[in-house]
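These are my notebook entries on a single chain. I begin with the structure itself.

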Amino acid sequence: MASSGVNVLRYSALLGGISYGLYHQSSLDAKRHKAHVEQEFRQQESLITQAKADFKKKNMPRESITKGGQVISDPEDPKFDLEGYLTALMGEKAK
């Protein structure tokens, strides 16, 4: 038969192990949750960036864009659009 001191030590070790397991599991869950939140944030950020680019592309006057996607910057060109040129210029400076 084990003495009462050994039983106290045995149950103390058991409770300590359970406590450590709960703490460790909660820290792992917190890390996983943080990584998930950061991934969602990066996903939303990329969607916003893509939406901004699509919005800029959609609202750019068609006649001021060449086939290569470049804005016509020659003021002598009959298709020159000052507003489109300035919008594209401000967009380049914002980057």
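**Entries on helix H1 and the surface**

I looked up Asp 29 and Arg 32 and found both in helix H1, three residues apart, about one turn of the helix. Helices here are DSSP runs of H or I with at least four residues, strands are runs of E with at least two, and both are numbered from the N terminus. I note that the model is predicted: local features need pLDDT of at least 70, side-chain atom pairs count only at pLDDT 80 or more, and totals for chains, interfaces and linings use all residues. Residues are numbered from 1 along each chain as its sequence is written, and side-chain values use heavy atoms, with hydrogens and water left out.

I checked the contact between the two side chains. Asp 29 forms a salt bridge with Arg 32, with the closest N and O atoms 2.9 Å apart. A salt bridge is a side-chain nitrogen of Lys or Arg within 4 Å of a carboxyl oxygen of Asp or Glu. By this rule I count one salt bridge.

I then looked up exposure, where buried means under 20% relative accessible area, exposed over 50%, and partly exposed in between (1.4 Å probe, protein chains only). Arg 32 counts as exposed because its relative accessibility is 54%. Asp 29 is partly exposed, because its relative accessible area is 34%. Of the 95 residues of the chain, 7% count as buried.

Finally, I recorded the secondary structure: the chain has two helices and zero strands.
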